[in-house]
Amino acid sequence: MTDRAMRQRAATLQRKTKETEIRIQLDLDGTGQYQIQTGIPFLDHMLESFARHALFDLEVEAKGDVEIDDHHTVEDVGITLGQAFREALGSAEGISRFGSFVLPMAESRVEVALDISNRPYFCYNVELASHQIGAFDALLGEDFFYAFSQNAGIDLHILKSYGRNPHHVVEAIFKGVARALRLAVAIDPREGGLPTVKGSL
């Protein structure tokens with residue numbers, strides 16, 4: 001493993017627009033510690049689960065125009081988290097690159113497959129019985145992961161095999177993506193450079 005691959009894989013990013021103000025601190029080699037405040041309780045809960053299951057240390061502070069709608073905050077957190085991920089990953093030397101996970105949650109089952117390719121693509125095959133999880137619009141889960149994948153440079157595929165409860169489905173998605181990322185960013189001690197024949201990701 002090169003010294004470059006051994007460097008601290010962490011980043012701190014800020015994003016400010018007329019609609020949101022966001023600060024994210026991310027450590028890919030953490031222990032799953034988190035401090036999340038987005039002003040959207042369900043999103044906080046999902047990001048806490050995401051950090052814990054990815055074993056990323058994650059701090060998120062977000063202020064947005066939630067009095068109008070949650071969309072701007074959810075999407076911009078996804079954008080900023082994706083950018084922080086890409087910066088923290090650095091050269092990507094030594095990583096496993098691919099990750100997949102099948103996650104059951106009660107009556108729901110979700111499949112996640114991803115490639116840290118720097119060629120973002122997004123497939124989201126998820127139908128929900130209801131679009132409301134309390135006050136949260138469950139359709140925003142798709143917007144979050146689209147924004148994250150495009151800015152992180154990830155080819156991300158999410159499939160709901162089955163499931164009735166939208167809370168269980170969306171939570172399974174966040175946990176499944178986290179577990180797949182945990183596998184993909186892991187350093188493979190046999191990998192002497194970039195996991196590609198192209199010479200760069």
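Hi everyone, and thanks for having me. What we have here is a predicted model, where local features need pLDDT of at least 70, side-chain atom pairs count only at pLDDT 80 or more, and totals for chains, interfaces and linings use all residues. Residues are numbered from 1 along each chain as its sequence is written, and side-chain values use heavy atoms, with hydrogens and water left out.

A word on names: helices (H or I, at least four residues) and strands (E, at least two) are DSSP runs, numbered from the N terminus. Two strands pair if DSSP finds at least two bridges between them.

Let's begin with the sheet ordered E1-E2-E4-E3, which is open, has four strands and shows mixed pairing. Its edges are strand E1 (10–16) and E3, each of which pairs on one side only. On average, neighbouring strands here are turned by 5° against each other, direction ignored. For angles in general, axes are lines fitted to C-alpha atoms, for helices over the stretch in contact, and the values run from 0 to 180 degrees between N-to-C directions.

Going through the pairs, E1 and E2 are antiparallel over seven bridges, with Thr12 partnered by Gln25 in E2. Strand E2 (residues 20–27) is also antiparallel to E4, through eight bridges, and there Gln25 stands opposite Glu59. Strand E3 (residues 34–37) runs parallel to E4, joined by four bridges; Tyr34 has Leu58 as its bridge partner in E4.

Which helices sit on this sheet? H2 packs on it, touching E3 and E4, at about 160° to the direction of E3. Contact here means heavy atoms within 4.5 Å. H3 lies across E1, E2 and E4, at about 35° to E2.

Helix H3 (residues 71–89) has 19 residues and should span 27 Å at 1.5 Å a residue, which agrees with the 27 Å between its end C-alpha atoms. That expected span is 1.5 Å times one less than the number of residues. H3 is largely enclosed by the rest of the structure, because 14 of its 19 residues are buried. Buried means under 20% relative accessible area, exposed over 50%, and partly exposed in between (1.4 Å probe, protein chains only). After H3 comes Gly90, with a positive phi near 65°.

Glu61, in strand E4 (residues 57–64), counts as partly exposed because its relative accessibility is 44%. Beyond its neighbours within four places in sequence, Glu61 contacts Glu21, Ile22, Arg23 and Gln37.

Asp44 belongs to helix H2 (residues 41–54). What about its charge partners? Asp44 is buried yet has no salt bridge, and the nearest side chain of opposite charge, Lys63, is 13 Å away. A salt bridge needs a side-chain nitrogen of Lys or Arg within 4 Å of a carboxyl oxygen of Asp or Glu; Lys and Arg count as positive, Asp and Glu as negative, while His and the chain ends are not counted.

On to the other sheet: four strands, open, in the order E5-E6-E10-E7, with mixed pairing. Strand E5 (98–105) and strand E7 (121–125) are the edges, each pairing on one side only. The twist from one strand to the next averages 10°. E5 and strand E6 (residues 108–116) are antiparallel over eight bridges, and Phe101 has Val112 as its partner in E6. Helix H4 (residues 140–152) packs on this sheet, touching E7 and strand E10 (154–162), at about 160° to E7. Helix H5 (residues 166–184) packs on it too, touching E5, E6, E7 and E10, at about 150° to E5.

That's my tour, thank you!
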